[in-house]
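Got a minute to go over how the labels on this model come about? Have a look at the sequence and the fold, and we'll take the calls one by one.

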Amino acid sequence: MPIDPRDLLDQVRPYDGFDLQVMVDRGVYAPGETVRITVTAANQGDRFVEHRYPGWQRFQLTVRDEFHRVVADDIVDRDADTDALDRWLPGQLAIWPTYWNQIEGAMVPARVGVAPGPRIEPGRYRIRVEWLGREVGTRAPRPEASSSWFELT
């Protein structure tokens, strides 16, 4: 009996088993306290996968207010001459710590060559992470994740 191509698509889905998460270390921060952010990515599937990236960044972070407006980000526009490539084994996990000092604009001003922005107003915020890795041969949406809400007092 011939194999139906739709059955193959059901068996291998882009990013199947790839888990992306972002979290902050607390729910409330005083003015000027550093927000510690942790991004984790894990291949929890049972297949080997390759992800290609347009530059050195594996993901991009944005800080969003309660209206989901971006108030800070770590986006760096420095593409490489060739794509970067990561190979993910089944069960492989990567952890990236990063920090935000409650300023508007670039999370790390030195990376983009700008002056630090003003301090963010007190309020409710969350971190959004977008995975930049693309599985070879697919145009499927890349994984994204959001942290829980946290307060700046």
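Q: Why is Ile37 called buried?
A: This is a predicted model, and in it Ile37 has a relative accessibility of 1%.

Q: Where does Ile37 lie, and which residues is Ile37 in contact with, leaving aside neighbours within four places in sequence?
A: Ile37 sits in strand 3, residues 35-43. Its contacts include Val22, Met23 and Val24, along with Trp96, Pro97, Thr98 and Trp100. Leu61, Met107 and Ile127 are on the list too.

Q: What makes strand 3 and strand 8 a pair?
A: Two strands pair if there are at least two bridges between them. Strand 3 and strand 8 have eight bridges, so they count as paired, in the antiparallel sense. Along the way, Thr38 stands opposite Pro97 in strand 8.

Q: Why are strand 1 and strand 8 called edge strands?
A: The open sheet has three strands in the order 1-3-8, paired antiparallel. Strand 1 (18-24) and strand 8 each pair on one side only, and that puts them at the edges. From one strand to the next, the twist averages 15 degrees.

Q: How do you know whether Gln102 is buried or exposed?
A: Gln102 has a relative accessible area of 1%. The limit for buried is under 20%, so Gln102 is buried. You'll find Gln102 in the loop between strand 8 (93-100) and strand 9 (105-106). Beyond its neighbours within four places in sequence, its contacts include Tyr29, Glu33, Arg119 and Leu152.

Conventions
Residues numbered from 1 in each chain as written. Predicted model: local features only at pLDDT ≥ 70, side-chain atom pairs only at ≥ 80, totals over all residues. Heavy atoms only, no water. Helix = DSSP H or I, 4+ residues; strand = E, 2+ residues; numbered from the N terminus. Buried < 20%, exposed > 50% of the residue type's maximum accessible area, 1.4 Å probe, protein only. Contact = heavy atoms within 4.5 Å. Axes fitted to C-alpha atoms, helices over the stretch in contact; angles between N-to-C directions.
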